[in-house]
Amino acid sequence: GNPSELVPHPFPKKMGPRKERTNWIVPRVELPRGKSRNPSFLFAAVLLSLGFLTLMVSFFRPVIRKAVKSFQNDNFLNLTFREVGSIAASPYGMFYIHFFLQMGIFAFLVVRLFLGDAFNNVLFLLFCTTGVLAVYMQKHLLLGLVGWIFPVGKEVAKYQFTITIFNLLLGLLLLPLNLFIAWGPPELAQALIYFAFGLIGLFYLIQSFRGLKIGGKFLATAQFHFLAYLCAVEIAPLVVLLKLILLQTSGR
């Protein structure tokens, strides 16, 4: 109880180096693993997409003809763009949904071919489809934001319509490829996957060239904005998607 009493003070312990926690910019998403007990889910998904396409072709057959002509001729694309108006409220938007279905099935088939039954289930198929939808919706939202902020609304709308036309046709071409990849011989399936990758890359290059023609008059005065667009809209979604794949396959 004496406040003047001396109390021995312990020497401080030697502190080791502080371990820094690694915070991933992209969080790891736990995807549903394993093989589904119902092996017919892929057939049901393909049959659903085929039925949806059959219904759309029955009611809106001229849309495909106009899409092909718009792909071949830039002037016809401008004419179709002036006739359509809002993409979401037109048959072109409905055909765009078919593209999301086919691209999601294609992504699922690629993973199944190279990883076996690690993600061979209906939940992963839904994840692939919604992932494709999220990537393209993010791209269209950012493009709409760019057109709203800067005085390039008409050009952005035309470029978004160009993306819709190209993906509409790509979805039609992916349908037979997905059928042969899903139920064809493994050697043929692998060759068709590489062919599909080349086809997707070709469509993307032609689409990018059309986009440069649409916004070519702004490149001389807005190089920084063009670089920001490339990083935020074209490159960032691919980097995020690649990071998610690496987090899953590396087991980290």
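This is a predicted model: local features need pLDDT of at least 70, side-chain atom pairs count only at pLDDT 80 or more; totals for chains, interfaces and linings use all residues.

Residues are numbered from 1 along each chain as its sequence is written, and side-chain values use heavy atoms, with hydrogens and water left out.

**Exercise 1. Find the largest nonpolar core and the elements that build it.**

Step 1: Start with the terms. A nonpolar core is a set of buried Ala, Val, Leu, Ile, Met, Phe, Trp, Tyr and Cys residues joined through side-chain atoms within 4.5 Å. Buried means under 20% relative accessible area, exposed over 50%, and partly exposed in between (1.4 Å probe, protein chains only).

Step 2: The largest such core has 50 residues, and L42, F95 and F108 have the most contacts inside it.

Step 3: Two or more residues each come from α1 (41-59), α2 (61-72), α3 (74-84), α4 (91-115), α5 (122-149), α6 (153-183) and α7 (186-214). Helices are DSSP runs (H or I, at least four residues), numbered from the N terminus. The most is given by α6, with 14 residues.

Step 4: Zoom in on L42. Leaving aside neighbours within four places in sequence, L42 is in contact (heavy atoms within 4.5 Å) with I105, F108, L109, R112, A182 and W183.

**Exercise 2. Describe the surroundings of T80.**

Step 1: T80 sits in helix α3, and its relative accessibility is 1%, so T80 counts as buried.

Step 2: Not counting residues up to four places away in sequence, T80 touches S70, Y92 and F161.

Step 3: A polar atom of the T80 side chain lies 2.9 Å from the backbone oxygen of F76.

**Exercise 3. Classify the ring pair of F81 and F161.**

Step 1: Rings of Phe, Tyr and Trp (its six-membered ring) pair if their centres lie within 6.5 Å; planes under 30 degrees apart count as stacked, over 60 as edge-to-face and the rest as tilted. The structure holds 17 aromatic pairs.

Step 2: The ring centres of F81 and F161 are 5.8 Å apart with planes at 50°, so this pair is tilted.

Step 3: Because F81 is in helix α3 and F161 in helix α6, the pair ties together parts that are 80 residues apart in sequence.

Step 4: F81 is buried at 17% relative accessibility, and F161 is buried at 1%.

**Exercise 4. Locate the two salt bridges.**

Step 1: A salt bridge needs a side-chain nitrogen of Lys or Arg within 4 Å of a carboxyl oxygen of Asp or Glu.

Step 2: One joins E83 and K66 (3.6 Å, N to O), linking helix α3 to helix α2 across 17 residues. E83 is exposed at 51%, while K66 is partly exposed at 28%.

Step 3: D74 and K213 form a salt bridge, with their closest N and O atoms 3.6 Å apart. D74 lies in helix α3 and K213 in helix α7, so this pair ties together parts 139 residues apart in sequence.

Note on methods
A polar contact is a pair of N or O atoms within 3.5 Å; within protein, one must be able to donate a hydrogen and the other to accept it, and residues adjacent in sequence count only if both atoms are side-chain atoms.
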